[in-house]
Amino acid sequence: MALLSKKDSKLLKDPLLDNNPITIQVLGICSALAITAELKASIVMTVSVLFVMGVGNVVISLMRNIIPSKIRIIVQLVVVASLVIIVDQVLKAFAYELSKTLSVFVGLIITNCIIMGRFEAFALGNGPYRSFLDGIGNAAGYGFILILVGFFRELLGSGTLLGISVLGDPIAKTGLYAIGYENNGFMLLSPMALIVVGLIIWVQRARNKDLIED
Amino acid sequence: MSLKSKLHEIKESFKGKKMAPAFNALHTFLYTPNEVTHNGTHIKAVDDLKRTMNTVIIALVPCLIFGIFNAGYQHYLAQGMIEAADGFLGASFWTWDNFEIGAWTILPLVVVSYGVGLLVEFIFAVIKGHEVEEGYLVTGMLVPLIVPVDIPLWMLAVAVVFGVVIGKEVFGGTGMNILNPALTIRAFLFFAYPTWMSGDKVWVHGAVERDQMIAAGQTNLDAISGETILGTYAQNGVTNYDYWDMFWGIIPGSVGETSKFLIIIGAAFLIFSKIGSWRIMLSTVIGALAMGLIFNAVVDAGIITESSKFYGLMDVPFWQHLIIGSILFGAVYMATDPVSAAQTNKGKWIYGFLIGFISIMIRVFNPAYPEGVFLAILLMNVFAPTIDHYVVQGNVKKRMKRLKVKAA
């Protein structure tokens, strides 16, 4: 027997590719541009959002029948904010340097449109288990793009991956640098992140023609 | 059997196949096709896209040839091996030695620019199944003229791929681009590899190499360098080039933009052949002069004094802004690109004026980007459709008003 029913696994898989929150719904772009210059930051951001969205969706789903619809946005904000504060405090306690790099962007998870979007569109109308899957799925789809963009930007921009130099030493001129290769400084600037996201969207739509809008 | 009929035969044999556009393009680059339409009355115009492009290329050739000689001249001059040339026809300028070293450094740039750019165009034409467009012909010629002489060829290749794909093909190819592709390529190089695009080492052939050899411990060499005039002024320095050197173009700079004399000849040719818009060229110059005058007035009023870091460039007499840096090259060959410029006549005046105005503003206020012309043109490329929209709307409004007056 499969671990998940077909319907449930669709919740997990769809946001990864064919309904990706970044490349298809074009949500959460700001953080995708801002923090992806390093792969490490992308990964930490992904984990944080996985936590906030998974737990947040469950909490909202459990409360969905008692939240008055007039103040539901406020309630959702309170839930996200509490979860984000937890993430922020954990980061400050265990990865202080990294939390300084991510600085304001962890706090800005609160305003990440993907999270509010999933609360509104899914958690308010579905049970906690399915909401959990949906939250994890969407966060994973978001994180997938983040890590992909982070990978290319760090590799081409700084010649490193997770801070380890993989193309040689640019100052001592070893590895690729010995034959004249140089890091692409443009990769570290936000506009290039937008272009990389654009290229991913391009590849994705070229592979799956159903995604092309007229 | 002539070359033409042979090409035609090859083309016919590929008809309907995937590679057809590539062979069609080869044929039509060289000859007028044999095919004629059969029905109806036709108006024949000779100034098709290919003719337009070729005219601009002809206007650019003098700049390229001058650039080749200048590259060699600057190289030898910086090493102290030749005397400074005396004016445009100076004896030490038009020499075989200068040409040889210049050709070895600059022709590869041209080859890479065309080779890579046309390859990308061919690939896109084959994938999309349309004819190869001629748009790259001018871009490919402009690109080597707006980069420093010693730019590594692989960087140029990467930038050309980026510029053609992101600057043009994603918008739908020639005629659909928002930004000028040649400037997109330069902007990419500028932000990706700033060490090769600015500073005092990149403008003279061999300077960077020399530096690296000295750093590696070869002490029998002297460092050579050549700061551009803009770079010198930006550091409040005094340049030892006189105005005629700047006008004739025997100064360090990007490959093709130094000779204002040849650019003016090219401009005259473009205006005479009605390919380039004189409105844009003139208004860009006016815009630059206006900004220059404003800065001069600010200095005269004593608001900016010699202690300011802006003083050097603000104090430049306003007319001199035209002969230092590449504002003229930008105005004549870049701003007039018919695709990315404003289309309406009134719009062209506004578009050109703002290019000149903003270029000088960037030049003075941002010492990190002394050459702000390409940024100004790219910025105005983005705004060109908006300018056109308001010009057209303004016209509509005016006519509506006239109609109402008549009716009343």
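Which domains does the domain assignment give chain B? There are domain 1 (50-265) and domain 2 (276-408), with bounds taken from an automatic or database domain assignment. This is a predicted model: local features need pLDDT of at least 70, side-chain atom pairs count only at pLDDT 80 or more, and totals for chains, interfaces and linings use all residues. Residues are numbered from 1 along each chain as its sequence is written, while chains are lettered from A and ligands numbered from 1 in the order in which they are written.

**Confidence**
- The model scores ipTM 0.83 and pTM 0.85.
- Chain B has a mean pLDDT of 83; pLDDT is the predictor's confidence in each residue, from 0 to 100.
- In chain B, 91% of residues reach 70 or more.

**Domain 1 against domain 2 in chain B**
- The C-alpha centres of the two domains lie 24 Å apart.
- Contact involves 28 residues of domain 1 and 25 residues of domain 2 (two residues are in contact if their C-beta atoms, placed from the backbone, lie within 7 Å).
- On the domain 1 side, α7 (181-192), α10 (229-234), α11 (243-248) and α12 (260-272) of chain B each supply at least two residues.
- Helices here are DSSP runs (H or I, at least four residues), numbered from the N terminus.
- α10(B) gives the largest share of that side, 5 residues.
- By class, the domain 1 side has 15 nonpolar, 10 polar and 3 charged residues.
- Ala, Val, Leu, Ile, Met, Phe, Trp, Tyr, Cys and Pro count as nonpolar, Asp, Glu, Lys and Arg as charged, and the others, Gly among them, as polar.

**α7(B) with α17(B)**
- α7(B) packs on α17 (residues 373-407) of chain B at about 130 degrees, with the axes 10 Å apart.
- Axes are lines fitted to C-alpha atoms, for helices over the stretch in contact, and angles run from 0 to 180 degrees between N-to-C directions.
- The angle therefore makes α7(B) oblique to α17(B) (under 35 degrees is roughly parallel, over 145 roughly antiparallel, 65 to 115 roughly perpendicular, the rest oblique).
- B:L183, B:R186 and B:A187 in α7(B) meet B:F374, B:I377 and B:L378 in α17(B).
- These contact residues divide into 5 nonpolar, no polar and 1 charged.

**α13(B) with α16(B)**
- The axes of α13 (residues 278-300) and α16 (residues 345-365) of chain B come within 7 Å and cross at roughly 40 degrees.
- That makes α13(B) oblique to α16(B).
- Their contact has 16 nonpolar, 8 polar and 2 charged residues.

**Chain A with chain B**
- The contact takes 7 residues from chain A and 7 residues from chain B.
- The chain A side divides into 3 nonpolar, 3 polar and 1 charged.
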